[in-house]
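Please read this briefing alongside the sequence and the 3D view.

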Amino acid sequence: VPVGRRPRMIAFSPDGKRIVFVSNRSGPYEIWVSAADGSNQTQVTHLTRASSPAWSPEGRTIAFDSAVEGQSEIYTVSVDGGPPKRLTNHPGVVDVVPTWSRDGRSIYFTSDRAGGPQVYRVGTEAGGRAERVTYEGVYNARPRLSPDGKQLAVVYGQNNTYRIGVVDTANGQLQILTQGYVFAILACGRN
């Protein structure tokens with residue numbers, strides 16, 4: 001990595017053979033993929049900023065957020081590169097931090113389209129309508145799906161107190177797992 005250029009947001013592919021990361025080595029932060037040993041580093045996106053890469057379950061597609069047109073939206077791109085596919089299009093809001101469903105047919109993400117950070121789900125086909133998943137609390141962000149896909153861990157906030165919560169994906173019920181404060185870096189894309 002060139003001096004002054006640093007990789008961030010790193011994740012192994014599902015098979016463990018590749019790594020996706022964000023780097024500004026080519027100018028703006030973009031999505032890159034390499035072999036797990038660091039060889040064959042390839043830039044996958046060529047936008048103005050790309051962030052929060054997440055592998056699809058089969059390892060052929062990467063979801064990410066980008067502010068291509070001045071607002072953060074959710075996109076997918078082939079691991080081999082090519083044109084990104086825009087999944088969300090909601091002017092005036094911030095859509096960030098995607099994570100895939102276990103079947104690869106939808107993506108969970110954080111959005112402030114309801115006035116504050118909440119978790120939504122959108123299908124992986126372009127032009128789909130985003131569906132709100134979390135309703136309790138004024139702040140639900142950074143969704144991460146359990147291995148069986150039945151629960152969604154979130155940073156939950158209410159009355160300036162942040163905790164870890166788990167949402168049942170079948171019925172939307174939230175269970176708070178921690179008490180007290182949890183340090184949360186994300187305020188719907190602004191950190």
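Arg121 and Glu131 form a salt bridge, with 2.8 Å between the closest N and O atoms. The model is predicted. The Arg121–Glu131 pair links distant parts of the chain: Arg121 lies in strand β11, Glu131 in strand β12 (residues 131-132), and ten residues separate them. The protein has 16 strands and zero helices.

**The Arg121–Glu131 pair and its sheet**

- Glu131 is partly exposed, because its relative accessible area is 38%, and that value falls between the 20% and 50% cut-offs.
- Arg121 and Glu131 are also bridge partners in the strand pairing, with Glu131 on the β12 side.
- Strands β11 and β12 run antiparallel and are joined by two bridges.
- Both strands belong to an open sheet of four strands, ordered β9-β10-β11-β12, with antiparallel pairing.
- Strands β9 and β12 are the edges of this sheet, so each of them pairs on one side only.
- In general, strands of a sheet pair through backbone hydrogen bonds, either parallel or antiparallel.

**Other salt bridges**

- How many salt bridges does a search of the whole structure find? The search finds five.
- Arg113 and Asp95 meet through their side chains in one of them, at 2.6 Å from N to O.
- This pair, too, links distant parts of the chain: Arg113 sits in the loop between β10 (106-111) and β11 (118-123), Asp95 sits in strand β9 (residues 95-100), and the two are 18 residues apart.
- Is Asp95 buried or exposed? Asp95 is buried, because its relative accessible area is 0%.
- Arg113 is partly exposed, because its relative accessible area is 21%; the cut-off for buried is under 20%.
- Asp65 and Arg49 form another salt bridge between their side chains, at 3.4 Å from N to O.
- The Asp65–Arg49 pair links distant parts of the chain: Asp65 is in strand β6 (residues 61-66), Arg49 is in the loop between β4 (42-43) and β5 (50-55), and they are 16 residues apart.
- Asp65 counts as buried because its relative accessibility is 2%.
- Arg49 counts as partly exposed because its relative accessibility is 24%.
- As a general point, side chains of opposite charge can pair when their charged atoms come close.

**Strand β3 and its neighbours**

- Strand β3 (residues 30-35) is mostly covered, with six of its six residues buried.
- Strand β2 (residues 18-23) runs antiparallel to β3, and six bridges join the two.
- Within this pairing, Val33 in β3 stands opposite Val20.
- The hairpin of β2 and β3 has six residues between the strands, and Gly27 there takes a positive phi near 125°.
- Strand β3 also pairs with β4: the two run antiparallel and are joined by two bridges.
- Which residue in β4 is the bridge partner of Trp32? The partner is Gln43.
- The hairpin of β3 and β4 has six residues between the strands as well, and Gly38 takes a positive phi near 95°.
- In a regular strand, side chains alternate between the two faces of the sheet.

**Burial, surface and contacts**

- The protein has 191 residues, and 48% of them count as buried.
- Of the contacts between residues at least 6 apart in sequence, 28% join residues at least 24 apart.
- Tyr135 is found in the loop between β12 and β13.
- Tyr135 is exposed because its relative accessible area is 58%, and the cut-off for exposed is over 50%.
- The C-alpha atoms of Tyr135 and Val167 are separated by 10.0 Å, and these residues are 32 apart along the chain.

**The second largest pocket**

- The second largest pocket holds about 220 Å³ of space.
- Its lining has 15 residues; Ser52, Pro53, Ala54, Pro98 and Arg144 lie nearest the centre.
- Which elements give two or more residues to this lining? They are β1 (8-12), β5, β9 and β13 (139-145).
- Rolling a probe the size of a water molecule over the atoms shows where empty space is left.

Conventions: Residues numbered from 1 in each chain as written. Predicted model: local features only at pLDDT ≥ 70, side-chain atom pairs only at ≥ 80, totals over all residues. Heavy atoms only, no water. Salt bridge = Lys/Arg side-chain N within 4 Å of Asp/Glu carboxyl O. Buried < 20%, exposed > 50% of the residue type's maximum accessible area, 1.4 Å probe, protein only. Contact = heavy atoms within 4.5 Å. 1 Å grid on protein atoms, 1.4 Å probe; cavity = no way out; pocket = protein on both sides within 12 Å on 5 of 7 lines; lining within 4 Å. Points joined across faces, edges and corners; volume = space filled by probe spheres on them.
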